[in-house]
Number of protein chains: 2
Amino acid sequence: MSSPEVISEQAASAEQLRELAQQLRVDSVRAAAAANSGHPTSSMSAADLMAVLMTRYLRYDFDAPENPANDHLVFSKGHASPLLYSVYKAAGAIDDEELLTFREFGSHLQGHPTPEIPWVDVATGSLGQGLPISIGIALAGKRLESADFRVWVLCGDSELAEGSMWEAFEHAGHAGLDNMIAIVDVNRLGQRGPTMHEWDTSSWAARAAACGWDVQEIDGHDLEAIDVAYTRAMAADVPAVIFARTKKGSGVAAVEDQPNQHGKPLADPEAAVEELGGISSLRVELKSPPEARPYEIAQTPVDRPVYEVGEKVATRAAYGDALAWLGSIDEKVVALDGEVGNSTYAERFAAKHPDRFFEMYIAEQQMVAAGVGLQTRGWKPFASSFGAFLSRAYDFVRMGAISDADLKLCGSHVGVSIGPDGPSQMALEDIASLRAVFGSVILYPSDANQAVQLLDAMRQHRGISYMRTTREATPVLYGSGESFEIGGSHTVRSGDDVTLIGAGITLRECLTAADELAGKGISARVVDLYSVKPVDAEAILTAAGETKALITVEDHWPEGGIGETVAGVLAEAASGAPLVRLAVSGRPGSGPPADLLAAAGIDAASIVAAVERALA
Amino acid sequence: MSSPEVISEQAASAEQLRELAQQLRVDSVRAAAAANSGHPTSSMSAADLMAVLMTRYLRYDFDAPENPANDHLVFSKGHASPLLYSVYKAAGAIDDEELLTFREFGSHLQGHPTPEIPWVDVATGSLGQGLPISIGIALAGKRLESADFRVWVLCGDSELAEGSMWEAFEHAGHAGLDNMIAIVDVNRLGQRGPTMHEWDTSSWAARAAACGWDVQEIDGHDLEAIDVAYTRAMAADVPAVIFARTKKGSGVAAVEDQPNQHGKPLADPEAAVEELGGISSLRVELKSPPEARPYEIAQTPVDRPVYEVGEKVATRAAYGDALAWLGSIDEKVVALDGEVGNSTYAERFAAKHPDRFFEMYIAEQQMVAAGVGLQTRGWKPFASSFGAFLSRAYDFVRMGAISDADLKLCGSHVGVSIGPDGPSQMALEDIASLRAVFGSVILYPSDANQAVQLLDAMRQHRGISYMRTTREATPVLYGSGESFEIGGSHTVRSGDDVTLIGAGITLRECLTAADELAGKGISARVVDLYSVKPVDAEAILTAAGETKALITVEDHWPEGGIGETVAGVLAEAASGAPLVRLAVSGRPGSGPPADLLAAAGIDAASIVAAVERALA
């Protein structure tokens, strides 16, 4: 191709904008044709919206994606990736050859955008996530950094059915995020047919307005109307949303506003390119970001918490104490909580570092999403709720791993040992589900001093990590000087007949059982497997070699937890050591913790009985 | 106590209603005091709302909870269980003695309501679920049964922050569910402090109205206003919501509208009871439900699908075909899909049985919730989406297990083998997360004929079951006459050097590997582990005894899937057989399925290499 015509904000004529929009359509069609898959029609509907945005509004230095003053551009409708990549080409960030590697094995231009691409903040493609994550980016700019950047989010209309989108509308309005601009590409057609509201944007508009947003409803193919709308949105002192009525596949008669044209290349891409005006290579000079502003974080000194051995402290309380301390030694630490800060003890962080605490109310999806957004700007988010309720945000954690997010989660009130509140409040699947997140770290401290150390390890670890904390106050076992690390374990008591492996509340039961067993002449080793993932395989195999049986004990369902982790280690080593896995064996109810532990078969008496059976 | 004063609709005076409301408060306080835990203040705020409801509106026969004409009463704010149980006492369904067993071990009156109680439809306590589940109950009444019952739902204000509540508002409005009446107890105070909107109900009201609901905003302690509001709500030809401003802890000065009074018994319950007028034993004669109406289900005959061995068919296509067939042999079968019916092939059910198909749009939480609601009335819901997106509804599945729900799930597009769409669309944690649901069944068919049989098994199985289907068309392996069952496995090829264990897409890779290994003089047994939970332990242990090593191969993360399931079986049997677990080993991208299977280390070549290492 010949050297490109360069257009910029001042110079861009209406005709040039129109040509740019057509180029974005053409390139979307071509990329999908090259891949023989993808979503060209979902890209074409929003081409006009992106043409005006990139030429006249978006402030972004593609040569310096790390520049903190850059605007953010998030494609919440991640399947419109051909359009995003076409924008990159028009911005000169990639060339035409790279554009056509779309969806090839090894290409960074995946089916849906991921941060493997330097200009992508977060992975999208699970609908309803881009907007709530963007709230986190906007919160960072507004509340922490006093920054000038704006967050532009391209949303689909289908994804407005996801409740998470309305958590985002609600939160952004509440937080007054005037740096958020959402653009909804209302192309009327979902994957399998018309959306619920088609082109009637009135219901969404009324809801967004009720959430405190500035709302506009426009024709998304009218370049002048788009321009006017962006100018008004920029000027709004509240978050702004533009509902833009568009046609899916716009510009190509064969697919424009036609059913059954979702998620596949055009049947005749060459004819489509011709209909759209042919291949072009307009090049847009984007507006530069302003000078980055320095900012200061208020620091309140907090001592490292230290607990006396034997003192009774809940690990959830240690979470709050330790987080407050970590906030004082690392200004990048921020905390979010789902309106249960007096239970998770995140309130202790909030009391010391109110500027870095985010009350997310009972909206766990928005909480985790905001964490993912915050970490895109280098913050270290710790997000807490009851472990059971983090399950609400499981898809957000899953996608966080694809985003390679640095996200720290804490789930309190785990297991049957919470007692009278009953099963709805008991996390019994959190280890299993969160272990099955790519690259995750799973920690389950057995006492308060250990929790403090492991939280500091989480702070220093980059990636997704999860700490499981206990409701009940349990005796402090370890001196504050003892050392624990991700991937470690601790042999709390030596013994050579049998090995009891527990963590958290069950370590206490293991120790009680070991006492009882000692009275029966059975010498039990007790291993604190506080790092469930990665796991200390060596300690397990050593115990398997040195004792006659292993008993794992966990306040969790039998599947995917400590027992299976240990089983995996043994089986892969072809150990042949007998293993008994004690885990919650039936649907629990309400009651005193001791009764529930006994009924679940994971209390000291159950352990003693299991040992006697195993050694018999 | 003396024999109770009985009040009924006609006779109930304003004074009696007031006394009844006070009794509900008194009993809530007493229950929490007896348990020394619970949520009395969250109960007291809604006592007036429930007093009017039970006396004048609710049609319910407590002696016959199975009566299909009964109204439904769902406490979406499940923590107000003391109030619900106090209503039961006032209705004569339980006595005072039983009321005071609240939260005792073994009592059905758990911390949060569960269907262990015959008058409770579904477990609540994870906020934001009762309303979306109630949508499913209302859909059953309106769309399937032409029934007269109404669904009354008591919601909290805090839970309005959950996006799932707005999925419910949206769906009910769209479906025109005039049998739904939501009552929001706006008591201003959440667990840790004020809610986002406190007593300003205008934002919620505007949003609910925009969703097509009849909306009222009232003083929730004004018995006359409540009465008027219920009458209007009953008459509305759309779903109705009443935002009732109340005071948490109302009636007792020490706690009324006070902070830090959430989720704990009153400090001085005796004084509170006295302040409220003392213990009483009013007994309400509820209105009787009308005669139950018969209804008919349109039946379209559909043949059982049969595929030829060797034909290439995707198991997701078999899901659609089989579901259409099951709908024709079992009129209780209904299907829901999250706007991807042309990918999951739920559309094939919809085409044959449109009256029993529910398009839930991209709202997976509402989809699963509606399934839970539908099954409360005896329907057998099959809910489908991409497996990856079912993770969005994980908390709803978790709670479904506490509800002992009969819920069938299908996740399509699992694993890296989906190819170019990339990781956001790949279910790689579905086995792990859904295995860790109490009592769940996990099936992963390896061909189309098997999928048909297993779907019929799911239909007949009562409980939560999950089928994982494959995007790609794979060769039919089994004749349509072969038999497969929950808990079974199938040895596809005999061999005595090594055992390859796969399911779904990896079974095909195992068979290819076995061919290659045969060429190298290695005899490989191939086991189709299509039932991952429950698992066929005997087949695994037999293979462990008869071959030199086991290789598991799965298109899933290493944690919590097939490999760990097998490891658990081996370790508990102290087998000592060497096990190699092949699973997806790194973050996948986009590309052709074969490239992705190879990169993940789970293709035939990887299996051959693993076998050679294991036998070396």
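Colleague: What should I know about numbering and cut-offs?
Modeller: The model is predicted, so local features need pLDDT of at least 70, side-chain atom pairs count only at pLDDT 80 or more, and totals for chains, interfaces and linings use all residues. Residues are numbered from 1 along each chain as its sequence is written, chains are lettered from A and ligands numbered from 1 in the order in which they are written, and side-chain values use heavy atoms, with hydrogens and water left out.

Colleague: Sheets, then. What is the strand order in the seven-strand open sheet of chain A?
Modeller: The order is β10-β9-β11-β12-β14-β13-β19, with mixed pairing. Strands are DSSP runs of E with at least two residues, helices are runs of H or I with at least four, and both are numbered from the N terminus. Two strands pair if DSSP finds at least two bridges between them.

Colleague: Which strands stand at the edges?
Modeller: β10 (357-359) and β19 (531-533) of chain A. Each has a single partner strand, so one side of each is left without a neighbour in the sheet.

Colleague: How much are neighbouring strands turned against each other?
Modeller: By 20° on average, direction ignored. Axes here are lines fitted to C-alpha atoms, for helices over the stretch in contact, and angles run from 0 to 180 degrees between N-to-C directions.

Colleague: How do β9(A) and β10(A) run, parallel or antiparallel?
Modeller: Parallel, with three bridges joining β9 (residues 333-337) to β10(A). A:Leu336 stands opposite A:Phe358 there.

Colleague: Which helix packs on that sheet?
Modeller: Helix α18 (residues 448-460) of chain A does. Among the strands it touches are β9, β11 and β12 of chain A. Its direction makes about 165° with that of β14(A).

Colleague: And the five-strand sheet? What is its order?
Modeller: β16-β18-β17-β20-β21 in chain A, open, with mixed pairing. The edge strands are β16 (490-493) and β21 (579-582), and each pairs on one side only. Neighbouring strands of this sheet are turned by 25° on average, direction ignored.

Colleague: How many bridges join β17(A) to β18(A)?
Modeller: Five, and the two strands run parallel. A:Thr499 stands opposite A:Arg525 in β18(A).

Colleague: Switching to helices. At what angle do α8(A) and α8(B) pack?
Modeller: About 175°, with the axes 8 Å apart. α8(A) and α8(B) are therefore roughly antiparallel; angles over 145 degrees count as that, under 35 as roughly parallel, 65 to 115 as roughly perpendicular and the rest as oblique.

Colleague: Which residues make the contact?
Modeller: A:Ser203, A:Ala206, A:Arg207 and A:Ala210 on one side, and B:Ser203, B:Ala206, B:Arg207 and B:Ala210 on the other. Contact means heavy atoms within 4.5 Å. By class, there are four nonpolar, two polar and two charged residues.

Colleague: Where do α7(A) and α14(A) stand?
Modeller: Their axes come within 9 Å and cross at roughly 70°. These helices are therefore roughly perpendicular. The contact includes A:Ala168 and A:His171 of α7(A), and A:Gln365 and A:Gln366 of α14(A). Its residues divide into one nonpolar, four polar and two charged.

Colleague: Now chain B. How many residues of β12(B) are buried?
Modeller: Six of the six, so strand β12 (residues 407-412) is largely enclosed by the rest of the structure. Buried means under 20% relative accessible area, exposed over 50%, and partly exposed in between, with a 1.4 Å probe and protein chains only. B:Leu407, B:Leu409 and B:Gly411 point one way, and B:Lys408, B:Cys410 and B:Ser412 the other.

Colleague: What does β12(B) pair with?
Modeller: With β11 (residues 380-386) of chain B, parallel over five bridges. It also pairs with β14 (residues 464-468) of chain B, again parallel over five bridges. B:Cys410 stands opposite B:Met467 in β14(B).

Colleague: What about B:Ser412? What is its bridge partner?
Modeller: B:Phe386. B:Ser412 counts as buried, at 0% relative accessibility. Leaving aside neighbours within four places in sequence, B:Ser412 is in contact with residues including B:Arg316, B:Ser343 and B:Thr469.

Colleague: Last one. How many residues of α21(B) are buried?
Modeller: 10 of the 11, so helix α21 (residues 562-572) is largely enclosed by the rest of the structure. Among the buried ones are B:Ile562, B:Glu564 and B:Leu570. Just after α21(B), B:Ala574 takes a positive phi of about 50°.

How values were computed
Nonpolar A, V, L, I, M, F, W, Y, C, P; charged D, E, K, R; others polar.
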